[in-house]
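Subject: Structure for you to look at

Dear colleague,

Please find the structure below, followed by some notes on what was found in it.

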Amino acid sequence: MKIISKRISKTDIRSALQTYNYYIDNSFANFEEKKLSIRIFTAMYNKIVSENLPFLIAKKNSEVVGIAFVNKFRNKSGYRYTFEHSIYVNPKYINQGLGSKILKELIRQCKNNDNIKNLIAVIGGSDNKSSINLHKKNGFNYIGTIKKIGYKKNKWIDSVYMQKKI
C-alpha cells in the first residue's frame with residue numbers, strides 16, 4: 001500500500017470522493033446526509049492542503065483503498081492547536097488492517113506539524129466498535145459520548161469523542 005499526501009491527481013480525488021460518499025449513503029459514521037459533489041469535495045481538499053494540514057490517499061496498486069484528513073476542530077481561536085480527523089476505508093478493503101496503517105501515517109504527519117497538538121476523533125455511533133477499537137489501538141483515549149447528537153435516516157445517533165495528544 002502506498003500513501004500519497006502531495007500532488008493528489010484528479011482521478012484519485014474522484015475515487016476518494018466515492019469512498020467518502022459511500023459512508024454518507026451507507027453508514028452513520030459520517031453525519032452528512034447528501035452526497036458531496038466533486039466540486040465541493042475538491043474545494044474541501046484544496047482548503048485542507050492550503051492550510052498545510054494532512055490529506056492522505058492510500059492506494060493499493062492503482063486503486064484508492066482509503067482516505068484520511070485533518071480539519072479544524074472548532075473555529076474559535078482557543079482551539080487553534082486542536083484538530084479533528086476523518087478516516088474512511090474503501091468498503092472492499094475493510095478488516096484488512098488498512099485503517100490502522102492509514103491512521104498511523106496521519107498521526108506521523110500530524111507530529112511533523114508544530115500547529116497540531118491534539119487530534120480528536122468524532123466517531124459516529126456508540127456502536128461503531130471497529131472505529132473505537134482502531135483509535136484505542138493507535139493511542140487515542142476515550143473522552144466521552146454525546147447521546148443522540150446527530151439525526152440521520154430517521155434515527156438519532158451518538159457521537160463518541162476520543163483524543164490523542166501529539
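Asparagine 154 lies in the loop between β6 (141–152) and β7 (155–165), where helices (H or I, at least four residues) and strands (E, at least two) are DSSP runs numbered from the N terminus. This is a predicted model, in which local features need pLDDT of at least 70 and side-chain atom pairs count only at pLDDT 80 or more, whereas totals for chains, interfaces and linings use all residues. Residues are numbered from 1 along each chain as its sequence is written, and side-chain values use heavy atoms, with hydrogens and water left out.

The phi of asparagine 154 is positive, near 60°, although the residue is not glycine, and at 70% relative accessibility asparagine 154 is exposed (buried means under 20% relative accessible area, exposed over 50%, partly exposed in between, with a 1.4 Å probe and protein chains only). Asparagine 52, in the loop between α2 (38–50) and β2 (55–60), likewise has a positive phi of about 60° and is exposed, with a relative accessible area of 56%. Most residues other than glycine have a negative phi.

A further positive phi, near 60°, belongs to asparagine 61 in the hairpin of β2 and β3, which has 2 residues between the strands. These two strands pair in the antiparallel sense over 6 bridges (pairing requires that DSSP finds at least two bridges between the strands), and isoleucine 57 stands opposite isoleucine 67 in β3. Strand β3 (residues 63–72) also pairs with β4 (residues 82–89), antiparallel over 7 bridges, with lysine 72 opposite phenylalanine 83 in β4. Because 7 of its 10 residues are buried, strand β3 is largely enclosed by the rest of the structure.

Best regards
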